Amino acid sequence: RIQKLEAEKAQLQRGTSDVVMSTLDFVEDPKEEIDKRSIYVGQVDYQAQPQELGQHFAECGTVNRVTIICDADGNPKGFAYIEFSEEHSVPI
């Protein structure tokens, strides 16, 4: 699990990843807790970078993860999920 997280972190820091495909299988927090502090973002540009979305939503709070959903070929589908550190960052 840690190796997978470290590899994702290194890839993001190098800026070599066009799209981040994250799964919840290695996350310590229960899915319900993650859902409470996550938002869905539609109409995401197909060229958008996870770092760009993270920076844009950083005004709302600390961003833990940006997940751009992709098809089986790795092409972005045009929507993403933003996970924040704190539940209060997500408006009800």
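Three strands form an open sheet in the order E1-E3-E2, and their pairing is antiparallel. Strand E1 (38-41) and strand E2 (63-70) are at the edges with a single partner strand each, so one side of each has no neighbour in the sheet. From one strand to the next, the twist averages 20°. The model is predicted.

**Pairing in the sheet**
- Strands of a sheet pair through backbone hydrogen bonds, and the pairing is either parallel or antiparallel.
- Strand E2 and strand E3 (residues 76-84) run antiparallel and are joined by six bridges.
- Arginine 65 has glutamate 83 in E3 as its bridge partner.

**Helix on the sheet**
- Helix H3 (residues 50-57) packs on the sheet and touches E1, E2 and E3.
- The direction of helix H3 makes about 135° with that of E2.

**Glycine 54**
- Helix H3 is where glycine 54 is found.
- The relative accessibility of glycine 54 is 13%, and buried means under 20%, so glycine 54 counts as buried.
- Apart from neighbours within four places in sequence, glycine 54 is in contact with Val63 and Val66.
- Between glycine 54 and threonine 67 the C-alpha to C-alpha distance is 9.8 Å, and the two are 13 residues apart in sequence.

Notes. Residues are numbered from 1 along each chain as its sequence is written. This is a predicted model: local features need pLDDT of at least 70, side-chain atom pairs count only at pLDDT 80 or more; totals for chains, interfaces and linings use all residues. Side-chain values use heavy atoms; hydrogens and water are left out. Two strands pair if DSSP finds at least two bridges between them. Helices (H or I, at least four residues) and strands (E, at least two) are DSSP runs, numbered from the N terminus. Axes are lines fitted to C-alpha atoms, for helices over the stretch in contact, and angles run from 0 to 180 degrees between N-to-C directions. Contact means heavy atoms within 4.5 Å. Buried means under 20% relative accessible area, exposed over 50%, partly exposed in between (1.4 Å probe, protein chains only).
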